[in-house]
Amino acid sequence: LPAEGRRPPRPPPCPPSCSCTRDTAFCVDSKAVPKNLPPEVISLEGTGRGQEGTGTQGGTGGAQGGHRGTGGHRGAQGDPRDGPVIPCSRCRFIENNDIQALSKGTFRGLKSLTHLSLANNNLQTLPRDLFKPLDILSDLDLRGNTLACDCKIKWLVEWLESTNTTVPAVFCGSPGRFEGQRIRDLALGDFQCITTGSPPGPGVPSWAKGPLPGRGSPPGPGPRSGCPVCGPARRDSAVLPAAHSAVHCKPIVAQEQLYVVVAQLFGGSYIYRWDTAVDKFIKIQDIDSQKIRKPNDIEAFQIEGDWYFVIADSSKAGSTSLYRLNQNGFYSHQALHAWHRDTDVEYVENDGKPRLIISSSSQAPVIYQWSRAQKQFVPQGEVGEVLDVQMVKHFRAKRDQFLCLSRYIGDSKVLRWEGQRFVEVQTLPSRGSMVMQPFAVGPRQYLALGSDFSFTHVYLWEEEKQKFAKFQELSVQAPRAFRAVPAADVQLLLAPSFKANTLVYRHVVVDLS
């Protein structure tokens, strides 16, 4: 027959000991990889008779192991099909392919996997938390891939620092400044993953916005703050273990030691200490979960040479509690305010006397004053008849001290300390406010008042009138905090949102003359 009329040769049938689908073969009792597998098969799995060291006891056991490879590609060790099935019931070898990328759920359900090889696959990136389902993974091989060491691979650097899995050296394929460098040697500070908008020009309001990439959160009042990262952003940077429900991180430098208190809604709250011997944060304490059930804020301070921190607890059965540092760590010192669903706590010093002001969703803010004789705080009274206070903050203007109370239902308040009590000086409309934060930039005293239902209003303090005047509006969805941060020659304002991305604003002074 003419050449063009010939039929293509039929592919070899599936071997008798195997069951074949379009691209997968499952073989039983095979001592070696069959030579006559169809060329479409790229995945081979099988069960075999128990061998010494395989973990089976002479019977037939399900083998989670197998060797995957392209039909015609030969690696450094020869064609994968020419070798025997590796006697490992908890192994996966996905090697010598040109797959370039994996999906996030590739290893979902393989909790018992102990050995995994992804060598020589031309992988350029790995999805975040790819190895999270592999609880007992002991060996991982990523060699022979051209991984791009950008922000998408930053999670791998963190994972390599914290995992007990043995991983041979993996090198960056790009970008140029990292090419050939070991991924394990990279520092988190090497990754420039934060972007801001371009500098504003004339006529732009004094706080110019830029986005901070992040993930949105479900709507609703929700927690007031968060703890995305705790740790110095330097060459010796470190990240605390994953805290998926953290609402507050509080660093404390005491007795030449760095501590971080991490308060979580679920899974307990903990205290970490920086260990210079291993350059890591080490967990040293659990915080009593019977007292601290739903933490909402942490304040740290020093009284008469001793270090303390207080946690405001917003659960019905919890108690706002004070902890004191001794030689071995922080220990419970005093239960302050039980059963009142406390929303915030603020440490202030009026007339040289230390005080705590605790706000609550069920009663007016309560003032506690430090007793030198009793070495603890004692109730001193309430701040007016202001209910539903979500946050309490203070600031100083000249010699006067002021208190800011944000409210979700009623109007927010500004009060001034006058000898023995706080007196109201200004009311600010604020339906749906969870945060009211005073902050200073140079000589200017600002106040940011957030809202879940409208714009955030920024006010500027007028010393002559002793009150705030409207200054600017910011479009922040459901803000939960505002934090002024000096950065080199600019002043930034960070605005985390419960519903959308965190925003970064830059303070701009424009000469209109």
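**Getting to know this predicted model**

Q: Is Cys404 buried or exposed?
A: Buried means under 20% relative accessible area, exposed means over 50%, and partly exposed is in between (1.4 Å probe, protein chains only). Cys404 has a relative accessible area of 0%, so Cys404 is buried.

Q: What should you know before reading the numbers?
A: This is a predicted model, where local features need pLDDT of at least 70, side-chain atom pairs count only at pLDDT 80 or more, and totals for chains, interfaces and linings use all residues. Residues are numbered from 1 along each chain as its sequence is written, and side-chain values use heavy atoms, leaving out hydrogens and water.

Q: What is the mean pLDDT of the protein?
A: pLDDT is the predictor's confidence in each residue, from 0 to 100. Here 73% of the residues reach 70 or more, and the mean is 78.

Q: How many contacts beyond four places in sequence does the model have for residues 213–221?
A: Contact means heavy atoms within 4.5 Å. Where pLDDT is low, predicted coordinates should not be read in detail. Over residues 213–221 pLDDT stays under 50, and the number of such contacts in the model is 20.

Q: Which cysteine does a disulfide join to Cys149?
A: A disulfide is a pair of cysteine sulfur atoms within 2.5 Å, and searching the whole structure turns up 1. Its S to S distance is 2.0 Å, and the partner of Cys149 is Cys172.

Q: Which strands stand at the edges of the open sheet of 4 strands?
A: Two strands pair if DSSP finds at least two bridges between them. The order is β24-β25-β26-β27, with antiparallel pairing. Each edge strand has a single partner, so one side is left without a neighbour in the sheet; the edge strands are β24 and β27.

Definitions and conventions:
Helix = DSSP H or I, 4+ residues; strand = E, 2+ residues; numbered from the N terminus.
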